[in-house]
Structure formats: structure tokens, C-alpha cells
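Please look through the structure below before reading on.

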Amino acid sequence: MAEDHQRKSPAAPLLEGDFPDEAFAEVREILFERIGFDLGMYKDGCIRRRIARRARNCGARGVTDYLARLRGDKDEVPALMAALTIHVSQFFRNFPTFEYLRDRVLPELIQRLRGTRSNELNIWCAGCAGGEEPYTLALLLHEMAPLGLSLSLLATDISPDILQRASEGLYDSQRLVELPDRLRERYFTVEGNRYRLNENIRQMVRFQRHNIMTDTEYPRSDLILCRNVLIYFSREEQDRIIGHFARVLRVGGFLVLGRAENLMGRPRLLFESESARERIYRRV
Ligand SMILES: C[S@@+](CC[C@H](N)C(=O)[O-])C[C@H]1O[C@@H](n2cnc3c(N)ncnc32)[C@H](O)[C@@H]1O
């Protein structure tokens, strides 16, 4: 009982990896007022743990102390946002997914589009982090060299900082562990202890800021990758976002989710499973 009381008190130290209701409501209000970002759409427990972690890491003595900092220190809002949206990614993350895209999905899309009037393959990576995922697709497409097609590879994220980093295309070796040596040797240049992706590949990807929760315009696409992003959102938000994806995907187009994500509920009816294992779905 005493422990429960301590956890809910705004003055309590942040030992629990939890964040009390009133304090959470206040953080939500501050973020919404300052940058129009609504925390309510995210999964509760997950987001509270991250706020608590950020508060501990910046040396706040308790919830009250952290709220005072969030209100008074103009740098704390962006710092909290960075802590809430983790940007972990890798080239060829979940290698078999990219094998499936290379061997089945991309050839089918290319074949279908070739000779059509639009003649353009539109690919969108939503929540692209440091660019590893769209660049992986760019590498695959460059290798496939689909003659007679024009490619549009759009990569979006909520974070301007990570988009800036993505456009630079400079990576440490951890991001490249799944990348075949042959591709690393052919498309990267060593700079100190990091690797720079060659410009001809970087130029294939267009980076743009887009918030999949609040932006209402979604780009028309043949293939959408939104991997390891929806896990942070509530079920309701996931359904709403997938509904938007379904609206902009061409019939027969594909949606790829992360390995830990599943298509469920009503939006499931708009798709059939292409590869259950790789979480690839086809718009029906
Ligand atoms: C874990 S990374 C996933 C990167 C990549 N898709 C992958 O699977 O390797 C999640 C990314 O989603 C972005 N993100 C979080 N919320 C978002 C939102 N509302 N709109 C767009 N991107 C968002 C984060 O900034 C982060 O870069």
C-alpha cells in the first residue's frame, strides 16, 4: 500500500520505472502545447517507462523536479522526444524479409508496372530512422536495375535530426553487420572507422518529415514498409494508421510490418497474407 502510494505521488523519486497519472497528464499537455505531439496515442506503459528513464538520465530528483525542468528548460522537450522515439535500425534488418522482397515482391511489382502508363514504382518507408531500411531497398533495386521503370523511394520519419543523419549516409559497423560483404565493398567508402554509402545510392532516396499519427496526407504507394514503428502505438492507433496505408496502397500493392507486429482487427480484411513469417501483406 505504502509502495503504491509512493509510486503515485508526484514528489516520489523515480525508482520504479513508472510515471504517475497526474504527471503523465502534465507531460502530455506540455508536449501537445509546445509541439502538437499527442502522447495519448502511444502505448501507455511503454511510453511511461521511457519518460521515467529520460527523467532519471537527466538527473531529475523526482517527478516534480522533472516536470519543472520540462516546463523551464527549452532543450528538454526535444531531448524527451529523442528519448521517446528510438531510432534503432540496420541494413538488411531481418535478412529473410529483404530476400523475400528481392525474390518475390519487387520482381512482381516491376513486372506489373512495366508497360503501364504511369511506369513508376512508388515505395514508401514510414519510420525510416537513420535510412538503413530505404537504402537497403535502394541497393537491391540498383542491383536489379529494372530497365524502363522510374523509381520513387520516399523515406519519412517524425524526427528531423534522424532524417538529417540519414541523408548523410555515414554508418558505424554495427549498422552493417547483416550487409553482405560484396555490397559493402561495392557501395561504401571507408571514412575513419565508419562507412559512407556512395552518393549514387543516397540520391535514390528522398527523405522527408512525416508524422504517421497526425499527418493526414499519405503518399500513394505500391509498396509500404512500416517496420518496428507501430509497436509503440495503441491498438486503436495502429488500426487507424493501417487503414490509411490501405487507402493509399494500390490494389495488389504490399505492406511490410516488423517481425513483432501483426495485422489484426478490421484492417486485416483489406489485406491477404503474402508471407506470414515475414509480415508481408498484399492489398486486396
Ligand atoms: C525502431 S525505428 C524503426 C526503423 C526501421 N523501420 C527499422 O525497422 O529498422 C522507429 C522509427 O519510427 C519513428 N517514429 C516514431 N513515431 C513516429 C511517427 N509518429 N511518425 C513517423 N515516424 C515515427 C522513430 O523516430 C524511429 O526512427
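Helix α8 (residues 160–168) lies across β2 and β6, and runs at about 165° to β6. Helix α7 (residues 132–144) lies across β1, β2 (150–157), β6 and β7, and its angle to β2 is about 165°. Helices (H or I, at least four residues) and strands (E, at least two) are DSSP runs, numbered from the N terminus. Axes are lines fitted to C-alpha atoms, for helices over the stretch in contact, and angles run from 0 to 180 degrees between N-to-C directions.

This is a predicted model, in which local features need pLDDT of at least 70 and side-chain atom pairs count only at pLDDT 80 or more, while totals for chains, interfaces and linings use all residues. Residues are numbered from 1 along each chain as its sequence is written.

## The seven-stranded sheet

Seven strands form an open sheet in the order β6-β2-β1-β7-β8-β10-β9, with mixed pairing. Its edge strands are β6 (205–209) and β9, each of which pairs on one side only. On average, neighbouring strands here are turned by 20° against each other, direction ignored. Two strands pair if DSSP finds at least two bridges between them.

Strand β1 (residues 120–126) pairs with strand β7 (residues 221–226) in the parallel sense over three bridges. Within this pair, cysteine 125 stands opposite leucine 225 in β7. Strand β8 (residues 249–257) and strand β10 (residues 280–283) are antiparallel and share three bridges; phenylalanine 254 has arginine 282 in β10 as its bridge partner. Strand β9 (residues 271–275) runs antiparallel to β10 and is joined to it by four bridges, and serine 275 is partnered with isoleucine 280 in β10. β9 and β10 form a hairpin with four residues between them, and arginine 279 in the turn has a positive phi of about 55°.

## The three-stranded sheet

A further open sheet has three strands in the order β3-β5-β4, with antiparallel pairing. The edge strands, each pairing on one side only, are β3 (170–172) and β4 (188–191). Neighbouring strands of this sheet are turned by 35° against each other on average, direction ignored.

Four bridges link β4 and strand β5 (residues 194–197) in the antiparallel sense. Threonine 189 stands opposite arginine 196 in β5.

## Domains

The protein is divided into domain 1 (2–84) and domain 2 (95–283), with bounds that come from an automatic or database domain assignment. The centres of the two domains, taken over C-alpha atoms, are 32 Å apart. Five residues from domain 1 and six residues from domain 2 take part in the contact. Residues are in contact if their C-beta atoms, placed from the backbone, lie within 7 Å.

On the side of domain 1 that touches domain 2, three residues are nonpolar, one is polar and one is charged. Ala, Val, Leu, Ile, Met, Phe, Trp, Tyr, Cys and Pro count as nonpolar, Asp, Glu, Lys and Arg as charged, and the others, Gly among them, as polar.

## The ligand shell

Which residues are closest to the ligand? They are Thr85, Ser89, Gly127, Ala129 and Arg227, out of 21 residues that surround the ligand. A residue is counted as near if its C-beta atom, placed from the backbone, lies within 6 Å. The shell divides into nine nonpolar, eight polar and four charged residues.

## Confidence

The mean pLDDT (the predictor's confidence in each residue, from 0 to 100) is 89, and 93% of residues reach 70 or more. Over residues 1–11 pLDDT stays under 50, and the model has 15 contacts beyond four places in sequence for them.

Technical notes:
Contact = placed C-beta atoms within 7 Å.
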